[in-house]
Structures are given as structure tokens and as C-alpha cells.
Amino acid sequence: MQAMFDRLRLIVSLAHQVPDAELTVHRRASRSLQVGFQTGADIDLCQFRRMLMSSACPVQADIANRIEEVEVGGSLEVVDADLFRLEIEGHEHRLFATLVNPDLVFEILESLDCDPHVSHNVTATLRPDPGLGVTTVVIGVEDESLESRIDELARLAYDACLVEELLISAMDDDADHLMPGPHRTAPAETSDTEERS
């Protein structure tokens with residue numbers, strides 16, 4: 001059930017960063033839970049996030065064992081798999097979450113092979129969540145003529161982070177490049193929100 005627990009970490013952390021995001025948590029042999037700040041929600045996102053951050057291992061295992069799937073809704077719109085659309089101040093943005101730490105995410109994004117004109121007009125805001133061990137990446141474009149390419153650019157960034165995440169998780173000695181999860185010791189210093197372009 002570790003895969004489901006990691007999926008919960010990613011989705012809940014990302015949704016917690018977005019106003020009006022909603023989650024539908026489908027549980028085994030029980031009714032679905034509505035998670036968010038909307039009227040009628042069963043539990044708010046902050047409470048659900050705190051449950052995942054709990055240091056009691058049996059609680060975390062129990063949460064993952066009881067959940068079949070999580071759907072994202074509200075202000076978040078699924079573009080493709082784990083890439084999401086969000087409108088911020090009338091402009092198109094794409095979001096994704098990764099278990100890779102923010103410093104390495106920054107290096108990955110800086111090294112992407114892009115047209116120089118494109119790379120100078122793309123912004124990537126990193127929002128670390130040390131509590132859940134997740135980095136949310138928000139991709140935007142400063143040049144409106146590039147909005148038609150935002151999915152392509154976000155997919156390029158997402159794929160690069162996903163490959164790095166898989167490589168790191170396969171190598172025990174490099175595990176410190178992943179964000180520390182709820183059961184791992186957090187680093188002495190944590191990054192504030194960083195904006196990179």
C-alpha cells in the first residue's frame with residue numbers, strides 16, 4: 001500500500017496549495033469522502049493533510065489500505081494523468097507534484113532542453129511541503145503567445161521530474177534527493193516558496 005500512500009501525499013499536498021481544490025476519496029467497503037473547504041465536505045484539506053502527516057505508522061498504513069482511488073476536482077482540472085490545469089489571475093498554469101526535493105527540481109528544470117525564447121518566458125514556482133515530503137511545481141508563461149504550448153512545456157518538466165524520482169527511489173544511497181516523508185527526519189533547514197524562471 002506504499003504506492004497508494006505516496007499517491008495520497010502527492011495529491012493532498014498539491015490540492016492543499018490550491019484555493020477551492022476538492023478531492024473525492026473512494027474508500028473500500030464504505031461511502032466516498034468529500035475533502036475540501038466546500039459546504040458539505042466531510043473533512044477539510046488541512047485536517048486530511050494532518051492525518052497523513054501523523055507519526056503513527058499504523059494510522060498511515062490504515063489510511064492507505066482503506067482507499068481505492070482519489071479524484072481531483074473543484075478549481076483543479078485534470079489535463080493528463082497527474083498534470084493539472086489552474087487559472088491564476090486570468091492566465092493558464094499547469095501544476096504537478098513530485099517527491100523530489102526542491103533543490104534538485106530546480107536543477108532539473110534549469111537543465112531542460114528548450115528553445116531559448118521559450119525558456120526565458122516560462123516561470124516555474126516551487127512550493128515545498130516538508131510535512132508531506134512533496135514539492136508542487138506551478139508552470140506559467142509570461143508571453144501569452146506561448147499559452148498554446150503550456151501543456152507541452154509542463155509535460156516536459158513533469159516527465160523529467162518523474163524519471164528522476166524513479167531513478168532516485170531505485171538507488172538507496174541517493175534517497176536524500178527525495179523530500180523527506182512523514183516518517184523520515186526532515187532536514188535542519190527547509191526552503192520557503194521559491195520562484196524560478
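Is Arg94 buried or exposed, and what is its relative accessible area? In this predicted model, Arg94 is buried, because its relative accessible area is 6%, where buried means under 20% relative accessible area, exposed means over 50%, and partly exposed lies in between (1.4 Å probe, protein chains only). Residues are numbered from 1 along each chain as its sequence is written. Because the model is predicted, local features need pLDDT of at least 70 and side-chain atom pairs count only at pLDDT 80 or more, while totals for chains, interfaces and linings use all residues, and side-chain values use heavy atoms, with hydrogens and water left out.

The confidence of the prediction was examined through pLDDT, which is the predictor's confidence in each residue, from 0 to 100. The protein has a mean pLDDT of 83, and 82% of its residues reach 70 or more. Over residues 184–194, however, pLDDT stays under 50, and for these residues the model has 21 contacts beyond four places in sequence, a contact being heavy atoms within 4.5 Å. Where pLDDT is low, the predicted coordinates should not be read in detail.

Arg94 lies in strand E6, helices (H or I, at least four residues) and strands (E, at least two) being DSSP runs numbered from the N terminus.

Side chains of opposite charge can pair when their charged atoms come close. The structure holds 14 salt bridges, each defined as a side-chain nitrogen of Lys or Arg within 4 Å of a carboxyl oxygen of Asp or Glu. In one of them, Arg49 pairs with Asp129, with 2.6 Å between the closest N and O atoms. This pair links distant parts of the chain, since Arg49 belongs to helix H2 (residues 45–53) and Asp129 to strand E7 (residues 122–129), 80 residues apart, and both Arg49 and Asp129 are buried. In the salt bridge of Arg149 with Glu152, the closest N and O atoms are 2.9 Å apart; Arg149 is partly exposed, with a relative accessible area of 29%, and Glu152 is partly exposed at 44%. Elsewhere, salt bridges that share partners join Glu77, Arg85, Glu87, Glu92, Arg94 and Asp151 into one network.

Helix H6 (residues 150–169) has 20 residues and reaches 28 Å from its first C-alpha to its last, close to the expected 28 Å, which is 1.5 Å times one less than its number of residues. Its buried residues are Ile150, Leu153, Ala154, Ala157, Tyr158, Cys161, Glu165 and Ile168. They lie on the same side of H6, because they cover an arc of only 125 degrees around the axis, the arc being that of the directions from the helix axis to the C-beta atoms. Among the elements that cover these buried residues are strand E5 (83–88), strand E6 (91–98) and helix H4 (102–110).
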